Amino acid sequence: MASIDASDVHKLVVACDAGMGSSVMLASTLKKQLKGMPVTVEHTPVDRIPSDADLILVHQGLADRARATGPERVVVPFQLFIGDPAVASVVATLKNGGRIDG
Amino acid sequence: MADVALTELLSPGSIRVDAAAQDWETAVRQVGAILVESGAVTGGYVDLMLERERSVSTFLGEGVAIPHGTLAGRELVLRDALCFVRYPQGVDWHGDDVRVCIGIAAQGNGHVPILAQLAEVLMEPDRADALRRAASPEAVLAILTPEEEPVS
């Protein structure tokens, strides 16, 4: 299973199927939470995740599709678009340091 | 700020504050019909909204779902638009209780500030409650108007 050190995360991508709804919501929330940190946050359809994405957050139901885009990629699945503990844990690790497991 | 941009995307005519549906599928069809009527999408988009809902629910929490099409559905979008449908009696959404649907049709990112505002609202229980109780288009628009962001 891939993992990455928080200090190596420069681009975080929130992926969903169409990239017009749920991923937009989560990305906007994350942008606010990570404001002032050297991490850019983008949202994209799951089939168009950019190659330089260091960390990918994706809805549980789409995690396999996200992993299929590259086995070495760190993919963190979540279930709730608002208040998901997996997302909160990623934010905390990005802020405080440590490793993030995909 | 941009009230004009807000009502261009979410026009008062695309806001229903007293709808009812016996299940999520009916609700998605109602939401889709409003997007079709307002000229935002072609009819085929509604089928893709249903498809998306079957694969991954668009339920967000706090009684709100945001039905929208799949990636293929983007090509059926004629104009970026949102609609708002309130279900005072609630709709069973794969086991979740949905009181508000915000339908999305988008090719670009013009709607992002409104969704960002929605995320803010839903993180505060009092404001989320106000959104679920909004009984007029004016009340809905007041809650979803993006707040002024300090220029960074």
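Trainee: How much of chain A counts as buried?

Mentor: Of the 102 residues of chain A, 39% count as buried. Please keep in mind throughout that this is a predicted model.

Trainee: And what is the mean pLDDT of chain A?

Mentor: The mean pLDDT of chain A is 90, and 99% of the residues in that chain reach 70 or more. Among the elements of chain A, helix H3, residues 85–96, has the highest mean at 95, while H1(A) has the lowest at 88.

Trainee: How many helices and strands does chain A have?

Mentor: Chain A has three helices and six strands, and read along the sequence they follow the pattern β-β-α-β-β-α-β-α-β. The radius of gyration of chain A is 12 Å, close to the 13 Å that the globule rule gives for 102 residues, so chain A is as compact as a globular protein of that length. Along its principal axes, the C-alpha trace of chain A spans about 30 × 25 × 20 Å.

Trainee: What share of chain B is buried?

Mentor: Buried residues make up 45% of the 152 residues in chain B. If you take the contacts in chain B between residues at least 6 apart in sequence, 72% of them join residues at least 24 apart; for chain A, counted in that way, the figure is 63%.

Trainee: Let's look at the sheet in chain B. What order do the strands take?

Mentor: In chain B an open sheet of five strands has the order S1-S4-S5-S3-S2, with mixed pairing. Strand S1 (15–16) and strand S2 (59–61) of chain B stand at the edges with a single partner strand each, so one side of each is left without a neighbour in the sheet.

Trainee: What about S5(B), is it enclosed or open?

Mentor: Eight of the 10 residues of S5(B), residues 96–105, are buried, so this strand is largely enclosed by the rest of the structure. Nine bridges join S4(B) to S5(B), which run antiparallel, whereas two bridges join strand S3, residues 64–65, to S5(B), and those two strands run parallel.

Trainee: Which residues stand opposite B:Cys101?

Mentor: B:Ala65 stands opposite B:Cys101, and B:Val85 has B:Cys101 as its bridge partner in S5(B). Elsewhere in S5(B), B:Asp96 is the bridge partner of B:Trp93. The hairpin of S4(B) and S5(B) has two residues between the strands, and in that hairpin B:His94 takes a positive phi near 50 degrees.

Trainee: Where does B:Val64 sit?

Mentor: B:Val64 is found in strand S3 of chain B, and B:Val64 is buried, with 24 other C-beta atoms within 10 Å. Leaving aside neighbours within four places in sequence, B:Val64 is in contact with B:Val98, B:Val100, B:Ile102 and B:Leu122. B:Val64 and B:Leu131 are 67 residues apart in sequence, yet their C-alpha atoms are 9.3 Å apart in space.

Trainee: Changing topic, which residues touch the most other members of the largest nonpolar core?

Mentor: That core has 80 residues, and A:Ala15 and A:Ile56 touch the most other members. The largest share of the core, eight residues, comes from strand S4 of chain B, residues 81–93. As background, nonpolar side chains tend to be buried together in soluble globular proteins.

Trainee: What does A:Ile56 touch?

Mentor: Not counting residues up to four places away in sequence, A:Ile56 touches A:Val13, A:Ala15, A:Ile49, A:Ala66, A:Arg73, A:Val74, A:Val75 and A:Val76.

Trainee: Last one: how many residues does each chain bring to the contact?

Mentor: The contact takes 18 residues from chain A and 22 residues from chain B. Helix H1 of chain A, residues 22–33, gives the most to the side of chain A that touches chain B, with five residues. By class, that side of chain A has nine nonpolar, seven polar and two charged residues.

Terms used. Residues numbered from 1 in each chain as written. Chains lettered and ligands numbered in written order. Contact = placed C-beta atoms within 7 Å. Helix = DSSP H or I, 4+ residues; strand = E, 2+ residues; numbered from the N terminus. Nonpolar A, V, L, I, M, F, W, Y, C, P; charged D, E, K, R; others polar. pLDDT = per-residue confidence, 0-100. Buried ≥ 20, exposed ≤ 12 C-beta atoms within 10 Å, placed from the backbone. Core = buried A, V, L, I, M, F, W, Y, C linked by C-beta atoms within 7 Å. Pairing = 2+ DSSP bridges. Rg over C-alpha atoms; globule rule 2.2 N^0.38 Å.
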